[in-house]
Amino acid sequence: MSQRRQLVERWLQFTTANALEPTDESAVLFVLAVPELSIQAQLAYVKALSGTFRHLGWDRQELLTICAALRAQGAETPVTQAYPVPKDEMLLLATHFRQQRRVMEELAVLVAWKSASRWGEVSLLKRSDFISVTAREVIISWGTLPKGRRAAPYKPSMYTVIVGDLTERISALVAVTPADRPFCPIDAQQLDAETRRLPLPLCQITGHSFKKGAATHVVEAVTTTGVQIDPRRLSLLLKHELTADLISNSTLRYPQAGAGLARWLGTAEVTALL
C-alpha cells in the first residue's frame, strides 16, 4: 500500500471516529490532530491530501490555505535536529536542578529521559497521571497529552512503565509533586533559555534532546548488549504511530485501563535500558 493511500485511509478513519464529513476542512483538522508532527511533516501531509483532492476533483481551498500558511512559517526550510543528550549529560542537568533545590525540574528531566519524551509532554503531567508509583516501578498514563491525542485516546502508547535505573529517585520526587496542577514550573521555551546560559555541554540541551537522546541510547544498548526487544516497543515509548500494529487502537477500548494493561504493553522492556 502506498504512503499516500495509507494517509488517506487514516484521514477517513479520523472522519468516521469524529463524525466528520470527508471534506477539505476535516482533512486540515486531521493533519493538525496528528501528535508530534513537525511543520515540515504537516506540509508533506497537506500536499499529499491536496493532490488526492485535486485528482478527485474535490474542493481543496482549505488545504491550499493551510499549505500557504505552513510555507510562511518556514515549513520548507531544512529541519534542524535536536541535540541527542547522552545519559551522563542528562544526569548533569538533573544534578544542576537538584543543587538549586528545584525538585520539580529535576523530576521533569528524569521522567523526560526515562519516558523518551519531549519537555512539552512531561511539563503537562500531574501527579494523578502517575497511576502506580513504587520504588521499583512508576507507571504514567498520558491520557489526552498532547492535545492531538484527544481525537484518539485509545492508543498503545498511552502508557509508559518506568523500571530500572533512576526509578527509585523518580518515585521519591513524584511523592512531593503538587496534586492539582502540572508539576513542572517551566515550559520548553523557558528550559531552552535556561540551558543556553549554562556551560558546555549543558548549553546544547533543548526540550527535544531527551527524546532523541533516549532513543539513541536504547538503540546503542540493544546493538551492544544483544538484548532482544521488539522494535515496536521503542515506537510505543516514543509515542509514535506504529507501522505494524502491536495491538489495534480499537482493541484497547475493551480491557479496563490501568496498571495491568500498561505492564502488558511492555514499555518496561525499553525503559529498563535507560
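Q: How do you know that the span of α6 is close to the expected one?
A: Helix α6 covers residues 103-114 and has 12 residues. The expected span is 1.5 Å times one less than the number of residues, which gives 16 Å here, and the helix reaches 16 Å from its first C-alpha to its last. Ala116, which follows α6, has a positive phi near 50 degrees.

Q: What makes α6 mostly covered?
A: A residue is called buried when its relative accessible area is under 20%. In α6, 11 of the 12 residues are buried, among them Met104, Glu105, Trp113 and Lys114.

Q: Why is the set of 43 residues called a nonpolar core?
A: The name applies because its members are buried residues of the nonpolar kinds listed for a core, joined through side-chain atoms within 4.5 Å. Phe183 and Phe210 have the most contacts inside this largest core. Elements that each supply at least two residues include α5, β2 and α10, and α6 gives the most, with eight residues. Phe210 touches Val109, Ala112 and Trp113, among others. A second, separate core of 21 residues includes Leu7 and Val46.

Q: What makes residues 147-151 a stretch to read with caution?
A: The chain averages a pLDDT of 83, whereas over residues 147-151 the pLDDT is below 50. Where pLDDT is low, the predicted coordinates should not be read in detail. The 11 contacts of this stretch beyond near neighbours in sequence therefore belong to the model, and they call for that caution.

Notes
Residues are numbered from 1 along each chain as its sequence is written. This is a predicted model: local features need pLDDT of at least 70, side-chain atom pairs count only at pLDDT 80 or more; totals for chains, interfaces and linings use all residues. Side-chain values use heavy atoms; hydrogens and water are left out. Helices (H or I, at least four residues) and strands (E, at least two) are DSSP runs, numbered from the N terminus. Buried means under 20% relative accessible area, exposed over 50%, partly exposed in between (1.4 Å probe, protein chains only). Contact means heavy atoms within 4.5 Å. pLDDT is the predictor's confidence in each residue, from 0 to 100. Lists of a residue's contacts leave out its neighbours within four places in sequence.
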